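The sequence and structure come first.

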Amino acid sequence: QSQSSVNSTFVRPATFFINGFSNVPHGKYYYVFLSLVYAVTVFGNSFIMYIIYLARRLHTAKYVAVFHLALSDLCGSSALIPRLINMFLFNHQDVLYEACLANMFFIYHFMNMQSLTLLALACDRLIAICFPLRYHAIVTRTAMCLVIAVMWMFSVTYFSVYVSFVNRLSFCRTNVVDSYYCDHGPIYRLACNDNSLNVLITKITFGLLICLPLILIAISYLCICVALCRIAHGGDRTKAMKTLTSHLMLVAIFYLPSLSLNALGFTTPMHPNARIINNSLTQTIPPMLNPIIYTLKTEEVMQSIKELYKRNKVNFTTEKKDQMLS
């Protein structure tokens with residue numbers, strides 16, 4: 001009778017208690033580290049967006065996607081790190097139910113936008129190397145903006161449905177979430193009614209939005225490798241490879257840690273603290289490194305930075321002379 005009563009009563013907690021970093025020794029040092037990571041992320045991604053906005057040579061379809069990647073990195077980190085620090089450093093671990101679902105939506109949405117933007121950049125390089133004569137006709141700024149708009153519509157719709165599935169769950173046991181943010185997996189496992197639909201959509205999401213883009217990126221680079229092997233002149237092949245280096249590094253940094261942790265989780269028992277710290281690093285480090293890689297490894301960006309610096313220096317010198325003459 002008691003079990004029947006529980007099953008027939010739908011319980012939605014007023015708050016969730018985020019418990020992830022509570023038992024991590026010397027956790028305050030890690031929050032300081034995350035604060036530095038966030039500061040570098042904000043500066044780096046703002047800087048790369050500023051350079052792309054000002055430099056005319058970067059007003060191309062490819063750099064529309066790079067600008068969007070930087071924006072997604074900045075927004076994704078802003079949805080995660082400040083709230084994480086506020087929760088665990090200042091003991092504000094009780095999160096309102098609605099605020100928790102909103103936080104879940106924004107974190108997943110911007111992670112997905114990062115993944116899809118990397119796929120868009122892979123397609124851009126595929127067309128540039130395999131169809132060089134038709135590249136400027138196929139990949140235009142308008143086309144890239146349209147692709148990004150479609151990505152946004154798909155991601156917003158998908159994760160609105162994804163997050164809304166939490167509303168069908170009843171939480172009659174506990175509201176303590178063993179994660180460092182409002183993570184869908186630890187939350188649906190707290191339910192005392194049927195959560196099979198949440199399990200299914202989690203598996204679909206991992207396959208559709210993590211594995212599938214990575215597989216398509218791998219296929220695109222396989223096609224690029226075949227095309228490069230057909231290039232007779234070694235200098236042209238080297239030049240083409242240089243344009244791919246930065247993107248390959250971004251793909252490796254974004255996908256490999258996440259996939260490695262998931263594979264390790266299936267094969268080896270991992271301490272909860274180690275799992276939480278590793279997961280948080282895989283979400284916070286790539287957005288910090290992406291602008292650094294694009295700045296240092298992309299000749300066009302470096303050249304644009306030098307040109308803007310010289311132009312600003314000349315303008316400053318001219319203004320100073322005008323002030324002295326007046």
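A disulfide is taken here as a pair of cysteine sulfur atoms within 2.5 Å, and by that criterion the structure holds 2 disulfides. The model is predicted, so local features need pLDDT of at least 70 and side-chain atom pairs count only at pLDDT 80 or more, while totals for chains, interfaces and linings use all residues. Residues are numbered from 1 along each chain as its sequence is written, and side-chain values use heavy atoms, with hydrogens and water left out.

| Disulfide | S to S |
|---|---|
| Cys-100 to Cys-182 | 2.0 Å |
| Cys-172 to Cys-192 | 1.8 Å |

Cys-100 belongs to helix H4 (residues 97-130), whereas Cys-182 sits in the loop between strand S3 (176-177) and helix H7 (184-188), so their bond ties together parts that are 82 residues apart in sequence. Helices (H or I, at least four residues) and strands (E, at least two) are DSSP runs, numbered from the N terminus. The link of Cys-100 and Cys-182 is left-handed, with -120° about the S-S bond.

Both Cys-100 and Cys-182 are buried, where buried means under 20% relative accessible area, exposed over 50%, and partly exposed in between (1.4 Å probe, protein chains only). In the other pair, Cys-192 is buried at 15% relative accessible area, but Cys-172 counts as partly exposed at 31%.

Counting bonded cysteines along the chain, the disulfides follow the pattern 1-3, 2-4. Cys-211 is in no disulfide, since the nearest cysteine sulfur, that of Cys-123, is 17 Å away. The sulfur of Cys-223 is 6.1 Å from that of Cys-130, the closest cysteine sulfur, which is too far for a bond.
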